[in-house]
Amino acid sequence: MSRDSRKFRDRTEAGRLLGKAIAEKDYPDPVVLALPRGGIRIAIEVARALAAPMDLILVRKIGVPSQPELAAGAIVDGGEPETIYNDDVIAITGLTRNHVDEIGKRQLEEIERRRALYLKDRPAVPVAGRTAIIVDDGIATGATARAALHAMRRKQAQKVVLAVPVGPTDTLASFAGEADEVICLSEPTPFYAIGIHYLDFRQLDDDDVIDLMAEADRLRGDETEPPGTDTQT
């Protein structure tokens with residue numbers, strides 16, 4: 001892990017730099033897994049650099065009711081939901097795991113909404129036996145990334161890599177027993193928030209994700225011809 005501190009122009013620049021760093025590792029049979037929404041703009045550049053397929057991994061943070069940005073846990077994969085608990089946050093906020101589970105039910109509904117909108121009938125990219133590279137635009141508490149790592153283990157990835165442009169050193173170090181490798185371009189100290197390390201941190205919306213998934217399909221050569229296109233020469 002690098003310990004320098006830098007600002008990225010935007011997610012595209014960060015993705016290109018991250019893709020270059022990952023490409024140097026020469027991982028066997030990689031598949032890039034994006035955490036939407038922000039992570040998909042990073043992940044598309046990583047997929048381009050690796051000439052690898054990209055897919056989404058649907059994870060939702062379970063925020064503390066009084067502080068929604070503070071993660072009490074995260075829930076992943078609406079097909080086989082799994083909740084990861086942030087017990088330190090649960091303890092200091094007076095919540096219980098049952099409270100977290102109740103809040104998680106609402107996030108599971110959002111996962112299913114996103115699955116229907118972003119993926120439709122698109123088949124999942126196979127992960128078993130491959131190098132699964134989980135990509136986001138940054139790490140803060142690490143709750144969603146931790147849930148994503150668990151999901152890839154469950155899908156029997158041969159190697160699981162967590163890759164982000166920016167994150168705090170202590171949180172990144174906490175993944176040592178869960179990820180086979182962690183790649184981070186910048187570990188600023190002190191660390192306050194992901195967004196301040198980007199000059200442009202515009203939030204992506206559903207349409208952005210749909211467009212980027214279509215771009216991922218084009219990179220894979222999977223885009224079908226639009227109706228009425230004459231393919232004869």
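This section describes how helices H1, H2, H5 and H7, together with the loop residue Asn86, are placed in the predicted model.

The packing of helix H2 is considered from two sides. Helix H1, which covers residues 11-23, packs against helix H2, which covers residues 38-50, at an angle of about 40°, and the axes of the two helices are 7 Å apart. Because of this angle, H1 is oblique to H2, and H1 passes H2 in a right-handed crossing. On the side of H1, the residues that take part are Arg11, Thr12, Ala14, Gly15, Arg16, Leu18, Gly19, Lys20, Ile22 and Ala23, and these meet Gly38, Arg41, Ile42, Glu45, Val46, Ala49 and Leu50 in H2. When the residues of this contact are sorted by class, 8 are nonpolar, 4 are polar and 5 are charged.

Helix H2 also packs with helix H7, formed by residues 206-220, at an angle of about 10° and with the axes 10 Å apart. Since angles under 35 degrees count as roughly parallel, H2 and H7 are therefore described as roughly parallel to each other. In this contact, Ile40, Arg41, Ile44 and Arg48 of H2 meet Val209, Leu212, Met213, Glu215, Ala216 and Leu219 of H7. The residues involved divide into 7 nonpolar and 3 charged, with no polar residue among them. Arg41 is listed both in the contact of H2 with H1 and in the contact of H2 with H7.

Helix H5 consists of 12 residues, 143-154, and at 1.5 Å a residue it should span 16 Å; the C-alpha atoms at its ends are 17 Å apart, which agrees with that expectation. The residues of H5 that are buried are Ala143, Ala145, Arg146, Ala147, Ala148, Leu149, Ala151 and Met152, so that the charged residue Arg146 is found in a list that also holds alanines, a leucine and a methionine. Among the elements that cover these buried residues are strands E1 (30-34), E3 (59-64), E4 (67-76), E5 (82-85), E6 (131-135) and E7 (159-166). After H5 comes Gln156, a residue whose phi is positive, near 65°.

The relative accessibility of Asn86 is 18%, and because a residue under 20% is classed as buried, Asn86 counts as buried. When neighbours within four places in sequence are left aside, Asn86 is in contact with Ala71, Ala72, Gly73 and Thr141.

Terms used. Residues numbered from 1 in each chain as written. Predicted model: local features only at pLDDT ≥ 70, side-chain atom pairs only at ≥ 80, totals over all residues. Heavy atoms only, no water. Helix = DSSP H or I, 4+ residues; strand = E, 2+ residues; numbered from the N terminus. Expected span 1.5 Å × (residues − 1). Buried < 20%, exposed > 50% of the residue type's maximum accessible area, 1.4 Å probe, protein only. Contact = heavy atoms within 4.5 Å. Axes fitted to C-alpha atoms, helices over the stretch in contact; angles between N-to-C directions. Parallel < 35°, antiparallel > 145°, perpendicular 65-115°, else oblique. Left-handed = near helix turned anticlockwise from the far one by under 90°.
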